[in-house]
Amino acid sequence: MTATFTLRQNLDCTPEAAWHLLTDPDQMCRWSTAPITPISLGPQDRPDTAGALRMVTLPGGRIRLREVVEYAEFPRTFRYRVYDGGPLLVEHRGEQRVVETSEGVEVQWTVDMTLFPRPLSHLMAWQIRREVQRSLTEMESLARDLDTATLTSPDELPRRTAHNLDDLVSSALEIRVLQQEIADELAGADDPKQWFARVYQYVTETMIEAATGRLELGLTHPDWVLALIPVFHRLRRQPRRLPQRGCSRGRMAGRVVDVRDRRSGPAARAGRERTPRGSGRAHRRRPTACAGRASPGPIPRP
């Protein structure tokens, strides 16, 4: 059950000034009852561009929400989403619209949120609504005295579409070929880890199709999707993350673990001598077949 509310507030300022009040963390901390801390800036090193990350500390300091800016159309529409809000939060999205009026602007703030169990959604939404209303009221008093002389706007950047992604697509296709070769080699050796490698290959193919428009997903930044492919590939090929062929005794994600020794604790798994039940002599656990295996070679960078 999703709880939704929309609040409106008239401000005596320009759309540009209202935008900065709504999106600049320094300005937000002046009117918000929940302090805002930037985590990572977006394109152009700005907090008000798509991809920027920030943390919101709710009143009391015990709950922190990490948000990502999903869409920004200066100075009209700003959308964000909570990507880390604790185990009970299923979804939390917000949209702020700035509509120009004869007396200034009207800010329209919409919040959608879902928690588990579902009845908590409306309870939390009621609390968030109260804080948002309090913040909008405070924002009204600040808008009149806002110094706009130092405000800067994000530059207009050409958006990359499926028609100007040749360099990124070429690199992604090379990686896709490498992943297929790995999967085919494991399949030829009848290694069960072929299924991991094949899934990686299929994921890469789907990402390429989504970014180039073969899958109509309406991506706003297809170049971001393609840029992730070499990053994922490097992570998968790292010795600590990609299971290597021949490691069948409990090795997963690059860690060598004998599943029979789980009860003995980390010290025993690290090789500490111990005495097995029914034996009077100490012995050292034999290394698995994977120990000492060389790591894969360097990953070609696109």
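Modeller: Trp19 and Phe78 are both buried (under 20% relative accessible area with a 1.4 Å probe, protein chains only; exposed is over 50%, partly exposed in between). Bear in mind that this is a predicted model, where local features need pLDDT of at least 70, side-chain atom pairs count only at pLDDT 80 or more, and totals for chains, interfaces and linings use all residues. Residues are numbered from 1 along each chain as its sequence is written, and side-chain values use heavy atoms, without hydrogens or water.

Colleague: How do the rings of Trp19 and Phe78 pair, and at what angle between the planes?

Modeller: Edge-to-face, at 5.6 Å centre to centre and 90° between the planes. Rings of Phe, Tyr and Trp (its six-membered ring) pair if their centres lie within 6.5 Å; planes under 30 degrees apart are stacked, over 60 edge-to-face, the rest tilted.

Colleague: Which residues cluster with them through ring pairs?

Modeller: Phe74 joins Trp19 and Phe78 in a cluster.

Colleague: And Trp31 with Trp109, buried or exposed?

Modeller: Both are buried. Their ring centres are 5.9 Å apart with planes at 90°, so that pair is edge-to-face too.

Colleague: New topic: how many disulfides are there?

Modeller: Zero in the whole structure, counting cysteine sulfur pairs within 2.5 Å. Cys13 is buried at 12% relative accessible area, while Cys29 is partly exposed at 39%.
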